[in-house]
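Colleague: I would like a close look at one part of this model. Please take it step by step and keep it brisk.

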Amino acid sequence: LRRSYSQHQSQPARPSFGIAFDIDGVILRGHSPIGGSPQALRRLYNDDGTLKIPYLFLTNGGGVPESARAIELSGLLGVKISALQVLQGHSPFKQLLKRFENYPIVAVGKGEPSQVMSEYGFKKVLSIDEYASYFDDIDPLSSYKDWKVKQAYKTDEYSKKSQPIYDVHSDRVKGAFVVSDPVDWGRDIQVLCDILGFGGLPAKGRGHQPALFFASDDLEYQAAFPAERLGMGAFRIALESVFNRTHDNPLEYTSFGKPNPFVFKNAEATLKQILSNVHHNQHTINEVKANSFSKIYMIGDNPSVDIKGAAEAGHPWFSILTRTGVFKGQDNHPEYPANLVVDTVEEAVDYILRKES
Ligand code: G3P
Ligand code: MG
């Protein structure tokens, strides 16, 4: 014990760095790995499969709990990824638990938005699908939506078996959380206007607008289709426009996700936790905990989200822009230039490992 202690003491503090990977447009397009991402990630592990370099995913996407996303990513990318390594757009919603824990809330978006919120500890969550199912004719277009027919069985079954977690006809929703990209924009805009508007649901007099949170504000993002697709920021604009045309008071809301600097602060704190699991050199761990990493690389595809965010976060962030997603230019981005532009994530990791060796 004594010998290993003195060994650690005598080792010079290795320059310590971490990496944050954007997912859509860097690691994946849809569900397919891109830019040599599996090979790139493999280089961050030891031969025995343990983590060598502290890294995490910093995505504005989401819709499933972090633990489930970690399992999904591990399968797609062929490396062992822990829940701690997955920071999604909605991950900061956890910090709102105290305020909303025991109050009725609604969760919106693809995947399992209510399960995400329940796992964070919120006790009275309904997905907007379930919420809407308790109001006959709330969506006059529902009979034209073929894909909803399958869902109707499900909804019918569980509404027959169980009661909603709160009384949708008398309890006012205290918060609406847009967890992931909404699936049925028309219905969701309608029902959110009902919930958030005065004289809306339930019809119970006036009051302050219930709180509204968005997990991110991406206008566009790179999915499987060649051209960018509309993201949560586009949905926010649509909802806000309609709400403001139909109400006297403008819509109040808060958006999370990159490029907010606190997201990068949180990622730095999480990387420190991951570092403790990676490094056996206590001296390096203490050094990083007391000060910081010498560098944290943000590898992203979206200049106005990933690169802007890293630039605003400042030291120790260093931004690397890939050409596999939203950004497709030859040179650097004029408005939000990255510290480095590369073609793929594989090239980015190669640069980092050469630089840090
Ligand atoms: O819906 C996902 C998208 O808005 C962004 O994901 O991984 O590029 O931050 P990402
Ligand atoms: Mg992206």
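Predicted model: local features only at pLDDT ≥ 70, side-chain atom pairs only at ≥ 80, totals over all residues.

How many residues surround ligand 1, and which are the closest?

Now the site. Ligand 1 is surrounded by 14 residues. The closest are Ile-23, Asp-24, Thr-59, Gly-61 and Tyr-221. Sorted by class, the shell around ligand 1 holds three nonpolar, seven polar and four charged residues.

Next, the domains. On the domain 1 side, 17 residues are in contact with 20 residues of domain 2. The domain 1 residues on that side comprise four nonpolar, 10 polar and three charged.

Now the strands, starting with strand 4. Strand 4 covers residues 55-58. Tyr-55 and Phe-57 lie on one side of strand 4, Leu-56 and Leu-58 on the other. All four are buried, so both faces of the strand are covered, given that a residue counts as buried when 20 or more other C-beta atoms lie within 10 Å of its own.

Strand 4 has pairing partners. Strand 1 (residues 17-21) runs parallel to strand 4, and three bridges join the two. Within this pairing, Ala-20 has Leu-56 of strand 4 as its bridge partner. Strand 5 (residues 86-87) also runs parallel to strand 4, joined by two bridges. There, Leu-58 stands opposite Leu-87 of strand 5. The chain gets from strand 4 to strand 5 by way of helix 3 (residues 66-77), and this β-α-β crossover is right-handed.

Five strands make up an open sheet with parallel pairing, in the order 7-6-8-9-12. Strand 7 (125-127) and strand 12 (254-255) are at the edges. Each of these two has a single partner strand, so one side of each is left without a neighbour in the sheet. For strand 7, a pairing can be given in detail: strand 6 (residues 105-108) pairs with strand 7 in the parallel sense, over three bridges. In that pairing, Val-106 has Leu-126 of strand 7 as its bridge partner.

Back to the site, in brief.

Technical notes. Residues numbered from 1 in each chain as written. Chains lettered and ligands numbered in written order. Buried ≥ 20, exposed ≤ 12 C-beta atoms within 10 Å, placed from the backbone. Pairing = 2+ DSSP bridges. Right-handed = clockwise from strand over helix to strand, strands pointing away. Near = placed C-beta within 6 Å. Nonpolar A, V, L, I, M, F, W, Y, C, P; charged D, E, K, R; others polar. Contact = placed C-beta atoms within 7 Å.
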